Structure formats: C-alpha cells, structure tokens
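Here are my notes on the model. They are numbered so that each can be checked against the coordinates.

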2 protein chains.
Amino acid sequence: MVNIKDVAKKAGVSVTTVSRTMNNRGYISKETRTKVEQAIKKLDYQPNQIARALFKKHSYVIGIIVPDLSHPFFAEIINWIEAYASDRNYKILVCNSLHDADKEKKYLDMLRQHRVDGIIMCSHTLDVDAYQKTKMPIVSFDRIISPSIPYVSSNNYKGGVLATKHLIDRNCKKLLHISGPLTNDLLANRRADAFQATCTESGIDYKIIEGAYVKSTFEDNWNFIENKIAPHLSEFDGVFCSNDIIAYTLFVFASKAKIRIPEQLKIIGYDYHSFTRMLKHPILTTIKQPVDLIGKKLCSTLIDKIENASVGNCVFDVQLIKGETT
Amino acid sequence: MVNIKDVAKKAGVSVTTVSRTMNNRGYISKETRTKVEQAIKKLDYQPNQIARALFKKHSYVIGIIVPDLSHPFFAEIINWIEAYASDRNYKILVCNSLHDADKEKKYLDMLRQHRVDGIIMCSHTLDVDAYQKTKMPIVSFDRIISPSIPYVSSNNYKGGVLATKHLIDRNCKKLLHISGPLTNDLLANRRADAFQATCTESGIDYKIIEGAYVKSTFEDNWNFIENKIAPHLSEFDGVFCSNDIIAYTLFVFASKAKIRIPEQLKIIGYDYHSFTRMLKHPILTTIKQPVDLIGKKLCSTLIDKIENASVGNCVFDVQLIKGETT
C-alpha cells in the first residue's frame with residue numbers, strides 16, 4: 001500500500017512537508033501544495049486513519065448497538081444515524097444484540113477495544129452499572145440510564161394518552177394494552193402507565209398483557225396472539241398495541257376469526273415506521289414517532305458529547321395517525 | 001483508561017508477561033496466568049484493538065456499502081452479515097451510498113483509510129476501475145466486477161424464467177416486465193433477459209419498462225406507476241416486477257383503479273424479504289431469494305479471502321412462492 005514516504009518522493013519534498021500540507025499546519029507555498037496534492041492524487045494515497053486514531057486518540061467511529069437490525073424501526077433509525085454521522089465525517093460500527101445480555105456485554109467490550117469515540121445504545125438488556133463502567137460517551141434511546149448519560153426518546157406518555165383517548169373517543173368500553181417488556185424500566189413503559197391512568201380517569205375497564213419478548217416476524221407475533229391474546233380477545237372492543245407489527249398481526253388474526261375491524265374491535269399501534277407507511281391494507285391507526293428526528297438527534301447528541309459540546313436529553317413529540325382500524 | 005502497565009503492576013508481573021499471557025505466547029505458569037487474568041478482570045482492562053490493528057495490519061473490521069439501509073432487503077442482508085461476522089470475531093462498518101456515485105467513492109476511500117480488512121459491495125454506481133484500484137479484498141453482491149473479485153448472487157436468470165413461465169402458465173397473453181436499472185450490467189438484469197427469452201420462445205407479446213431509479217418508499221413507487229406504468233397498463237394481463245415493493249404498490253394502484261387481481265391482471269414480484277413475508281393482504285406471488293444465505297455467504301467469502309483461503313463465486317437457487325396475486 002502507498003505510504004507517506006512514496007508521496008514525499010513523488011512530490012520531491014520531505015515527509016514533514018507532506019504531513020504539514022495534509023494537516024494545513026504551518027506555511028506551505030502554493031507551488032509545494034500543488035505538487036503534494038498531485039502526488040497524492042496520482043498515487044491514490046489513502047492516509048492511515050488507524051495510525052491517526054492512535055495518535056489523536058480519536059477514531060471518528062461511533063458504535064451502535066440495536067436489538068434487531070432487521071426490524072424496520074431499527075433499520076430506519078440506523079439509516080438516519082448513518083446519514084447524519086456521514087455529514088459530520090464519522091463512520092458507524094453496527095452491532096446486533098438480539099436481546100441477549102451476553103451478546104450486548106460482548107459488543108460493549110469490543111467497541112471499547114476498538115476505541116470508538118462513543119456509543120449509541122438502542123438495546124437495553126444490561127444493568128445501569130455496565131454502561132456507566134465504560135467511561136465513554138454514551139447516548140441512550142428510550143432508557144434513562146444515569147444523569148451523565150443523555151437520552152433521546154419520543155414522548156411515550158403522551159403517545160399512550162393519545163392512543164387510549166382515541167379508543168375511548170371511538171366509543172370503546174373495554175380496553176386491552178399489549179405492552180412491550182416491562183422490565184429494565186424502559187421509557188416505552190410510560191405508554192402502559194398512560195394507558196392505565198387514562199382508563200382509570202375515564203372509568204374504563206382495562207387490562208395490560210405484557211408482549212414480553214415479541215420478535216419482529218409475523219410468525220412469532222402470530223403465535224403470541226394465538227396463545228396469549230386470543231383467549232381474552234372477546235372481552236375487549238379496543239386494543240392499543242405497543243408496536244405496529246403486533247397491531248398488524250392482530251388485525252390479520254382478528255380478520256381471519258371473522259371479527260369485524262373496526263366495527264367490533266378497534267386496533268391502534270405505535271411507531272409508524274417504513275413497514276406501516278408502506279401498508280395500505282389496512283391503513284393502520286397508530287402513534288407516529290419521528291424516526292428520522294430521533295435517529296439524527298441520537299447521533300448529533302453523541303457527536304456533540306464526543307466533541308465536548310454541552311448536551312441534554314431530548315423528548316420528541318408524537319402524533320396520532322388516523323387509519324382504518326379504529 | 002486502564003492500560004497494560006496498570007495490569008502488570010496490579011498482577012505484580014512484567015508488561016511482557018501480561019502480553020504473553022493475553023496472546024498465549026511462550027510458557028506461563030498457571031499461577032501467573034491466574035494473577036494476570038484476575039488483574040484484567042478487576043481493572044476491567046480492554047486491550048487496544050487499534051494499536052493491535054496497526055501492529056498486525058489486521059483490523060478485524062469489514063466495511064459494507066449498501067444503496068439504502070432502510071430498504072427491507074438491505075436491512076435484512078446486513079442483519080445476516082453482522083450475525084456471521086460476529087461469529088468469526090469481525091465487526092462491520094456500514095455505509096449508505098444512496099445510489100450516489102460520489103458518496104460511494106467517498107465511502108470506498110474512507111473504508112480504506114480506516115484499514116478495514118475488506119469490503120462487501122452491495123452498491124454499484126462506480127466503474128469497474130474504482131473497485132479494482134482499491135487493491136483490497138472485495139466481495140460483490142449481484143455484480144460481476146472482475147475475475148479477481150468474487151460475487152454472490154441469486155440465480156437471476158432462473159428467477160426470470162420461473163416468474164415469466166408462471167404468468168404464461170396462468171394464461172397471460174401480454175406481459176410487462178418492470179426491470180431494475182439496466183445500467184452497469186448488474187446481474188439482476190438477467191431477470192429481464194430471461195423474461196425476454198421466455199416470452200419469445202412462447203410467442204408471447206411483451207414489453208420491458210425500466211423502473212430505473214426506483215426508491216423504497218411507497219410514494220416514490222406510486223408516482224412511478226402513475227406516470228410511467230398506468231398509461232400502458234390496459235395493454236397487459238400479467239406483470240413481472242423486479243422487486244416486491246413495486247409489485248405491492250402496483251397491486252394497490254390496480255385495486256384502486258378497480259382492476260381485479262388476479263382475474264384481470266396478474267402480478268409477480270421478486271425478493272421475498274421481511275416486508276413481503278409479513279404482508280398478508282395480499283399474499284404476494286413472488287420469487288424468493290434466500291436473503292439469509294446470501295448475507296452469510298457474502299460475509300464468509302470475504303473473511304475467507306481476507307484470511308487467504310481460496311474462494312469462488314456463489315449463485316443461490318431461487319424459488320417460486322405462489323401467493324394470491326397470480
């Protein structure tokens with residue numbers, strides 16, 4: 001591979017001059033600059049960023065740990081993080097925890113060993129300690145880890161209120177909420193809190209069933225609905241699902257069971273990611289999280305933190321998207 | 001950050017002994033090994049992989065350039081690449097070219113500067129030269145770049161034959177193929193070749209319309225169909241779409257235009273990625289590419305090449321998935 005000595009030789013200058021030209025350090029005549037730049041171009045010289053990272057203690061790489069890369073929500077978040085990172089000349093190392101604490105821990109260690117400048121945590125299977133111990137810039141999605149680790153989320157509580165009130169406005173009397181995993185005190189659990197509070201205020205009967213470890217495939221969701229939800233479904237006339245994929249699966253299940261949607265059963269989801277936006281049969285009623293803004297903010301907060309700018313938490317507004325299922 | 005000297009001090013041994021213990025080099029007594037391992041654990045020491053990469057000229061990082069991270073096909077491919085890479089202790093740097101040649105070139109340079117061990121190219125906007133010039137291990141998805149760059153693809157020609165024959169078997173007489181971009185001699189274009197050959201053999205009227213730069217959102221596809229396909233749609237009774245998202249969008253468009261599917265118009269797609277597998281209204285007839293196997297093979301071929309094992313091209317079989325749209 002071409003190195004800096006080859007460039008110096010080709011340009012007829014010293015290695016120091018090449019280095020100073022590339023780093024815009026000190027006075028370099030226009031003529032010398034042109035010679036160096038032409039030599040770099042002719043030889044297709046690529047400066048060694050690894051050596052530079054070691055020297056500057058700055059790799060311009062950020063790590064991202066997500067639970068499931070093939071899930072449309074996380075695929076889209078990563079898309080936006082990458083776009084923003086690229087604008088600021090950072091690269092992203094992507095890791096997939098598959099909701100597995102061992103894997104998440106292993107990835108945290110690996111990212112530290114690779115001296116990434118910081119980490120965006122979208123997977124949350126570990127205790128708070130594990131993140132604090134890393135002593136590196138971290139930004140968290142949808143979880144409050146500690147006061148020193150900023151978080152970005154949507155307004156989950158408001159989302160829960162909007163969804164529940166919408167079902168009540170549509171005349172539902174007995175409501176079910178299929179929540180995400182209620183462990184680890186994730187901010188997404190505020191949806192369940194809001195559901196419960198709103199039902200109580202309105203004197204509406206309700207139940208919460210934890211969709212614990214619900215995966216992103218139709219089949220996994222189908223099995224969950226068949227085994228855990230179907231036996232209770234006749235008790236309810238409205239369901240608030242904590243994500244759009246389970247809402248869609250529930251719609252398909254109910255349709256096959258000859259339950260008329262929305263007449264007999266109303267369904268509302270949460271997310272409004274690429275899958276939901278693409279879907280036209282049915283057009284799902286859901287709560288929109290601004291995935292683009294969340295992705296960009298996760299990335300800008302982390303880079304600001306890496307570059308010692310002051311940062312804070314950010315909670316994005318959410319919005320009711322009225323579709324055909326309510 | 002804790003360094004190797006801290007570990008040596010804590011364990012009461014020399015830096016060389018710590019290094020030899022960690023690298024399993026030379027004789028180390030069981031007692032010494034235990035002391036070193038306990039010190040590493042207590043101090044939570046993370047060896048500096050950047051320094052190691054510089055020394056060993058081996059970063060254990062591979063780069064992936066895709067055209068669109070939020071597209072379900074590429075999200076899924078990356079998911080499988082990451083899973084396989086992780087099993088072999090490699091990490092992935094993900095880049096998003098957005099079908100932009102400048103961006104793709106910039107990413108190629110950046111990955112080289114970061115001394116990744118190799119690159120998986122799923123984006124193909126550049127000329128063959130640009131890839132050859134990198135002089136590093138590359139594996140290509142769906143494009144033959146040069147004899148020294150192995151490729152992985154599905155059997156696109158067979159896929160085109162299966163799709164076209166299926167429409168003819170279902171009694172279609174006038175066929176349309178909406179192809180991908182026909183530039184850059186991508187292997188996906190073999191689908192169009194097969195369509196053309198099969199129609200000609202069977203004496204069937206046909207037309208090919210290039211779905212050139214079709215993006216992954218419903219709206220982009222809808223505009224394309226409204227402007228480029230709708231004016232011709234009444235001339236055909238069967239359409240072979242080069243991807244499932246355009247097939248789905250065409251289904252929605254035709255349904256709104258009161259064209260009965262499959263009675264008046266039969267539609268078949270290509271891919272069978274997570275979106276299609278999730279979709280139940282309609283269940284799309286399509287050609288299945290084994291996304292999991294393709295992702296794993298791209299990764300295993302690249303790592304084998306990096307580690308100097310012999311590698312070859314790989315073409316995966318495809319399969320007709322009969323749904324409700326034909």
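1. Start with one helix pair. H5(B) passes H13(B) in a right-handed crossing. A crossing counts as right-handed if the near helix is turned clockwise from the far one by less than a right angle, and as left-handed if anticlockwise. Helices (H or I, at least four residues) and strands (E, at least two) are DSSP runs, numbered from the N terminus.

2. Ground rules. This is a predicted model, in which local features need pLDDT of at least 70, side-chain atom pairs count only at pLDDT 80 or more, and totals for chains, interfaces and linings use all residues. Residues are numbered from 1 along each chain as its sequence is written, chains are lettered from A and ligands numbered from 1 in the order in which they are written, and side-chain values use heavy atoms, with hydrogens and water left out.

3. Back to the helix pair. H5 (residues 72–87) and H13 (residues 291–306) of chain B pack with axes 8 Å apart, at an angle of about 50°. Axes are lines fitted to C-alpha atoms, for helices over the stretch in contact; angles run from 0 to 180 degrees between N-to-C directions. H5(B) and H13(B) are therefore oblique to each other. The classes are roughly parallel under 35 degrees, roughly antiparallel over 145, roughly perpendicular from 65 to 115, and oblique for the rest.

4. Which residues make this contact? On the H5(B) side they include Phe73(B), Ile77(B), Trp80(B) and Tyr84(B). Facing them in H13(B) are, among others, Ile294(B), Leu298(B), Cys299(B) and Ile303(B). Contact means heavy atoms within 4.5 Å. By class, this contact has 11 nonpolar, 2 polar and 3 charged residues. Here Ala, Val, Leu, Ile, Met, Phe, Trp, Tyr, Cys and Pro count as nonpolar, Asp, Glu, Lys and Arg as charged, and the others, Gly among them, as polar.

5. Symmetry. How is chain B laid on chain A? A turn of 180° with a shift of 0.0 Å along the axis does it, at an RMSD of 0.0 Å. The two copies are thus related as by a two-fold rotation axis. In chain B, Leu93(B) has the C-alpha nearest the axis, 2.2 Å from it. The same surface serves both copies, as 100% of the contact residues of chain B recur in chain A. The superposition is by least squares on the C-alpha atoms of residues with pLDDT of at least 70 in both copies.

6. Two strands pair if DSSP finds at least two bridges between them.

7. E4 (residues 138–141) and E5 (residues 151–154) of chain B run parallel and are joined by 2 bridges. Ser140(B) stands opposite Tyr151(B) in E5(B).

8. In chain A, 6 strands form an open sheet in the order E7-E6-E8-E9-E10-E12, with mixed pairing. E7 (205–210) and E12 (319–321) of chain A each have a single partner strand, so one side of each is left without a neighbour in the sheet. E10(A) and E12(A) run antiparallel, joined by 3 bridges. Lys288(A) stands opposite Gln319(A).

9. H9 (residues 190–202) of chain A lies across E6, E7, E8 and E9, at about 165° to E7(A). H10 (residues 218–229) of chain A lies across E6 and E7, at about 130° to E7(A).

10. Backbone points to check. Most residues other than glycine have a negative phi, and most peptide bonds are trans. The bond from Ile261(A) to Pro262(A) is cis, with omega near 5°. Pro262(A) sits in the loop between H11 and E9 of chain A. His281(B) and Pro282(B) are also joined by a cis peptide bond, omega about 0°. Tyr60(A), not a glycine, has a positive phi of about 55°. Its place is the loop between H4 and E1 of chain A.
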